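Please look through the sequence and the model below before reading on.

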Amino acid sequence: MYRRVVGLALSGLLLVICSEIVHGSIHEYIDGAFLPQGNAFFFYGGSEGLYSSMSTDNRTGIDNGKSFINLSGRFDSITLRRTQESASKHDEMEHSTGLIEAVIFETKDRYKISGNPYDGATALCCTPDLAKLEGCKQGEIIVHRSADEPNWPRCIPFVFQGNNLEAKTQPDTIYITKSGMYNIYFMFCDPQLKGTIINGRTVWKNPTGYLPGRLAPLLKFYGFLSLAYLILGLFWFLQYVRFGNDILQLQNCITAVISLGMLEMTLWYFEYANFNATGRRPMSITTWAITFMAIKKTVSRLLLLVVSMGYGVVRPTLGGITSKVVLLGAIYFVASEALELVENVGNINDVSGRARTFLVLPVAVLDTFFIIWIFTSLTKTLEKLHARKSFAKLNLYRRFTNSLAVAVVLSFALICYELYFRAADPFGEDWGTAWIITAFWNSLSFILLCIICLLWAPSQNATRYAFSEEIGDYFDEEEVTALTSISAKSTMDDSSKQDMEERHTVNTDVFSLGEDIAEDKRE
C-alpha cells in the first residue's frame with residue numbers, strides 16, 4: 001500500500017511528460033539540465049511504446065525482429081558534465097566522486113522507483129533512515145525489484161572519477177523481452193552535482209524498425225489508404241473522361257479533394273517508411289505532408305459547406321458570402337498548419353502543454369463553426385428544394401444530409417472515447433491502441449468523400465442536378481420534360497397561353513438569378 005503512495009511523485013512526472021513524448025526513435029540530448037524532484041535531481045530521457053523482441057538470432061537489417069534501447073555504441077556516447085566548482089572539491093586520485101544513474105523502467109513499474117521515509121514524504125534517494133528501513137544503499141536511487149524480475153528496473157551508473165569534469169558509460173544495449181511503455185530517467189542524489197548537464201542520444205527500436213510502437217501500425221494504414229485513394233481516383237477519372245461534356249463546377253472541386261487526399265496519404269506513407277528505416281523524421285517530407293494535410297482538411301470542409309449551401313444546384317454562385325467562406329478557409333488552414341507543425345516537427349518536449357492547448361482550441365472552435373454553418377445551410381437548401389418541388393434534387397440532398405448526420409454522430413462518439421481514453425490512461429500504458437484514433441479520422445474523411453463521389457459522380461444525367469436559370473429551377477426535370485412534350489403535341493387556346501405566360505412571369509420573377517444573388521448577399 002505504501003509503495004503506491006510513495007510513487008505519486010514519479011507518477012506526477014510521467015503525467016506531465018507523457019503528453020510531451022518525442023516523436024522520434026533517436027532521442028537527442030543537448031545541454032539538458034537536471035530538475036529537482038523530492039530529494040533527487042532528474043533529467044527526462046524519453047518514453048516510447050516498445051514491442052517485445054520476436055527474434056534472438058543474429059539477423060541484420062532494420063526488420064530483424066529485435067527490440068531494444070541503446071545507450072551509446074552505435075551513435076555518440078552519452079556524456080555528463082558537471083560544473084568546475086563541483087569537480088574542484090575532489091582530488092584527481094579519488095575514486096567515485098559523483099554518481100548519476102540512468103533508470104530504465106516500464107510505466108506500470110513506476111511505483112518501484114521511490115521510498116517511504118518516516119515523515120511520509122516521497123523520496124527517490126536512499127537516506128540513512130531508509131537504508132535502515134528498506135536496506136537500500138545510501139546516496140543511490142531507490143529501486144524495488146521483485147523475485148521474478150531481479151534485474152528490472154534497470155539502473156546504469158555514470159561515475160565521475162577524481163576531479164574529472166565528465167563521466168561516460170560503456171556502450172550498453174537493453175533488449176526488450178516484454179511489450180510496454182518504457183521510460184528513461186537520469187537521476188542523481190548528490191547536491192554537489194547540481195548544475196550538471198547531459199549531451200548525447202539514445203536509440204529506441206521496435207522489431208520491425210525505428211517507428212515508435214504507437215505509430216508503427218500507421219505505416220501499413222497509410223499504405224492501405226493510399227491504395228484506396230488511388231482506386232477512388234481511377235474510378236472518378238474514368239467517369240470524368242467519359243462524361244467530360246457534362247461536368248459541373250462542383251465536380252471539379254471534388255477532383256481537387258481526391259488529388260489532395262492521394263498526395264497526402266502517399267507523403268505520409270513515405271515519411272513513415274523513412275522514419276522507420278532511419279529513426280529520424282526528415283523535415284522536408286514531414287513539412288510537405290503536413291501542408292498537404294492542412295490544405296486537404298481545409299478544402300474538404302469548404303466542399304462540404306458549399307455543397308450544403310446548394311452551390312451549382314439551387315444557386316449558380318455563392319454571391320455576397322464568397323468572401324466569408326474564403327476567409328474562414330484561410331483562417332482554418334493557418335490554424336491547422338500551425339497545430340500539425342508543432343505536433344509532428346521537431347521535439348515535442350520543446351513545446352509546453354499550454355502552448356499546444358493554445359493551438360488546439362482555435363482548430364476545435366473552427367470545426368464547431370463549420371458544423372453549425374453546414375447544417376444551417378443544409379436546412380435552408382432543403383426548404384428551397386421542397387418549395388420549388390425539385391424532388392430529384394431534394395432526394396439527393398436528403399441522402400447527403402443523412403450521411404453527414406451519421407458522420408457527425410460517429411465523430412462525437414469518437415471524441416467522447418478519446419477524452420475517456422486520455423483520462424483513463426494518463427500515462428500512455430494503452431499505447432498499442434492509440435493509433436486507432438488517427439486512423440478513424442482519416443477513414444471517416446475518406447468515407448465521406450466516397451459518399452459525395454457517389455452522389456455527384458459524372459454521368460449523362462449529372463446536369464439534371466445543376467442550377468437551371470432558364471426555368472428558374474422551379475420544376476423538377478421530369479415535370480419540365482412532360483410539359484415540353486405536351487406543348488409539342490397540342491396547341492393551346494388563348495386563355496391557356498395567357499395562363500402559361502402568367503406562370504412563366506411569376507417563375508422568372510421569383511427564382512431569377514438576380515433574386516438568388518440578392519438572397520445570397522442577405523445570407
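## Trp431 and its partner

In this predicted model, Trp431 has a relative accessibility of 7% and therefore counts as buried. The ring of Trp431 pairs with that of Tyr51, and because the two centres are 4.8 Å apart and the planes stand at 70°, the pair is edge-to-face. Tyr51, by contrast, counts as partly exposed, because its relative accessibility is 30%.

The two residues come from parts of the chain that are 380 residues apart in sequence: Tyr51 belongs to the loop between E3 and strand E4 (68–71), whereas Trp431 belongs to the loop between helix H10 (391–424) and helix H11 (435–455), so the pair ties these parts together.

## Other aromatic pairs

The count of aromatic pairs comes to 26. One of them joins Tyr29 and Phe43, whose rings are edge-to-face, with 5.4 Å from centre to centre and 85° between the planes. Because Tyr29 lies in strand E1 (residues 26–33) and Phe43 in strand E3 (residues 40–50), this pair ties together parts that are 14 residues apart in sequence. Both Tyr29 and Phe43 are buried.

Tyr29 and Phe43 also belong to one aromatic cluster, which is formed together with Phe34, Phe41, Phe158, Phe186 and Phe188.

## The two helices H10 and H11

How do the axes of H10 and H11 cross, and within what distance do they come? They cross at roughly 180° and come within 11 Å, which means that H10 is roughly antiparallel to H11. Sorted by class, the residues in the contact of H10 with H11 are 17 nonpolar, two polar and two charged.

Two cysteines, Cys450 and Cys453, can be considered here as well. Cys453 holds the cysteine sulfur closest to that of Cys450, but the separation is 6.2 Å, which is too far for a bond, because a disulfide requires sulfur atoms within 2.5 Å.

## The disulfides

The model contains two disulfides. In one of them, the sulfur atoms of Cys125 and Cys189 are 2.0 Å apart, and because the torsion about the S-S bond is about -95°, this disulfide is left-handed. Cys125 lies in the loop between strand E6 (98–106) and helix H4 (128–134), while Cys189 lies in the loop between strand E10 (180–188) and E11, so the bond ties together parts that are 64 residues apart in sequence. Cys125 counts as buried at 3% relative accessibility, and Cys189 is buried with a relative accessible area of 12%.

The disulfide between Cys126 and Cys136 has its sulfur atoms 1.9 Å apart, and its torsion about the S-S bond is about 75°, so it is right-handed. Cys126 is in the loop between E6 and H4, and Cys136 is in the loop between H4 and strand E7 (154–160), 10 residues apart. Cys126 and Cys136 are both buried. When the bonded cysteines of the chain are numbered in sequence order, the pairing reads 1-4, 2-3.

## The five-stranded sheet

Which strands make up the open sheet of five, and in what order? The order is E2-E3-E10-E6-E7, and the pairing is antiparallel. Strand E2 (35–37) and E7 stand at the edges, and because each has a single partner strand, one side of each is left without a neighbour in the sheet. From one strand to the next, the twist averages 35°.

Within this sheet, E6 and E10 are paired in the antiparallel sense over six bridges, and the bridge partner of Ile104 in E10 is Ile184.

## Strand E4 and its neighbours

E4 pairs with strand E9 (residues 172–175) in the antiparallel sense over four bridges, and Phe68 has Tyr175 as its bridge partner in E9.

E4 is also joined to strand E11 (residues 197–205) by four bridges, and these two strands run antiparallel. In E11, Val203 is the residue that stands opposite Asn70.

Conventions: Residues numbered from 1 in each chain as written. Predicted model: local features only at pLDDT ≥ 70, side-chain atom pairs only at ≥ 80, totals over all residues. Heavy atoms only, no water. Phe/Tyr/Trp six-rings, centres within 6.5 Å; stacked < 30°, edge-to-face > 60°. Buried < 20%, exposed > 50% of the residue type's maximum accessible area, 1.4 Å probe, protein only. Pairing = 2+ DSSP bridges. Axes fitted to C-alpha atoms, helices over the stretch in contact; angles between N-to-C directions. Parallel < 35°, antiparallel > 145°, perpendicular 65-115°, else oblique. Nonpolar A, V, L, I, M, F, W, Y, C, P; charged D, E, K, R; others polar.
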